[in-house]
Amino acid sequence: MAILTTGNTFVNGDQVTALKLNNAVNVATFASGAVDAVTTVLSGAGAVAVKDGGITAAKLATGVNGALFIGNGTGFTNTTLTAGTSIAVTNASGAITVGVADGGITAVKLETGSNGQLFIGNGTGFTKAALTAGSDMTITNGSGTITIAATAPSTLSSISAANTYAGTLNNDLVLGTGNGFAGVTLTVGKWLVTGSVTIRSSTGTTIRLIPVFWDGTTEYSCSTGIESADLSVRFSVPASAIITVASGTKAIVYKIKTNGGGETIDAGTTFGSSSVINAVRLTETP
């Protein structure tokens, strides 16, 4: 099968001239026999071209696992990647894996952080930040160190100013801070709350009163209250309770509960003048 189509075809009797000889060669084009139609094809201008998809792995030089053709300035060199500092390259049959080498991420590869800062997940990535101390905790940040320690439990206390209440106590009476009585605001944690209220009745009947701690919704107390027929003295009635705050805060004041209806409070008496609330945050042992 011919591989060239000449630029001039001679027949018997043709006169041979320089132009015809030159055209026979210079104007010649490749014929279909010059290509295999698998790896090569004829272009529209009659030149030999590489067929699309014609260069298969079998047509390439043999390379070791992970080898690539890398430009060398004049052509290509069949070689593998070279791992730089902190990088690991793993070559396999038809695969190259590039990763961080063990111990490759050193302090000098990270951005600068202030003492005690960490990379903390933010939901989409990481934020460089320091730890925040919660209740009764301290955090001390040093160069390359973080020290976390527990502090002494928080203590809150409140002593009321003098105040008076006169009249018949038919319903429970809230002794609010707005009226000068004791009150504390508890934050998150478990608290031991203790205190006392001074109370007195002036009628000729037995006094029956119980102080409890009140947060506006729930009553807290293990007080037994006071019940006495001796109406000539004021009684300091103790109260105590364990109160847990799961979130936010709780404002704690006293509520006086009646243990029987119609308790009459002495007019002009400094009712609750020595009301006291003490709160100590409890440290729980795991």
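**Confidence**

The mean pLDDT of the protein chain is 81, and 85% of its residues reach 70 or more. Among the elements, the lowest mean pLDDT, 64, belongs to strand E23 (residues 263-265), whereas strand E16 (residues 183-186) has the highest, 94. Where pLDDT is low, the predicted coordinates should not be read in detail.

**Strand pairing**

Four strands form an open sheet in the order E13-E24-E17-E21, and their pairing is antiparallel. Strand E13 (155-159) and strand E21 (235-245) stand at the edges with a single partner strand each, so one side of each lacks a neighbour in the sheet. On average, neighbouring strands of this sheet are turned by 10 degrees against each other, direction ignored. Within the sheet, strand E17 pairs with strand E24, and Gly 195 is placed opposite Ile 277 of E24.

Strand E22 (residues 250-258) takes part in a pairing with strand E15 and is also joined by bridges to E16. Val 174 faces Lys 255 in E22, while the bridge partner of Val 184 in E22 is Ile 252. The table sets out the antiparallel pairings.

| Strand pair | Sense | Bridges |
|---|---|---|
| E17 (residues 189-199) and E24 (residues 276-281) | antiparallel | 6 bridges |
| E15 (residues 173-175) and E22 (residues 250-258) | antiparallel | 3 bridges |
| E16 and E22 | antiparallel | 4 bridges |

**The surroundings of Asp 215**

Asp 215 belongs to the loop that links strand E18 (207-214) and strand E19 (219-220). Its side chain reaches the backbone nitrogen of Thr 218 at 2.6 Å. The side chain of Asp 215 also makes a polar contact, at 2.9 Å, with the side chain of Tyr 220. Leaving aside residues up to four places away in sequence, Asp 215 touches Tyr 220, Lys 250, Ala 251 and Ile 252.

Ala 24 is located in helix H1 (residues 18-26). Is this residue buried or exposed? With a relative accessible area of 16%, Ala 24 counts as buried, because the cut-off for that class is under 20%. When residues up to four places away in sequence are not counted, Ala 24 touches Thr 6, Gly 7 and Asn 8. Asn 8 and Ala 24 are separated by 16 residues in sequence, yet their C-alpha atoms are 4.3 Å apart in space.

Definitions and conventions. Residues are numbered from 1 along each chain as its sequence is written. This is a predicted model: local features need pLDDT of at least 70, side-chain atom pairs count only at pLDDT 80 or more; totals for chains, interfaces and linings use all residues. Side-chain values use heavy atoms; hydrogens and water are left out. Helices (H or I, at least four residues) and strands (E, at least two) are DSSP runs, numbered from the N terminus. A polar contact is a pair of N or O atoms within 3.5 Å; within protein, one must be able to donate a hydrogen and the other to accept it, and residues adjacent in sequence count only if both atoms are side-chain atoms. Contact means heavy atoms within 4.5 Å. Two strands pair if DSSP finds at least two bridges between them. Axes are lines fitted to C-alpha atoms, for helices over the stretch in contact, and angles run from 0 to 180 degrees between N-to-C directions. pLDDT is the predictor's confidence in each residue, from 0 to 100. Buried means under 20% relative accessible area, exposed over 50%, partly exposed in between (1.4 Å probe, protein chains only).
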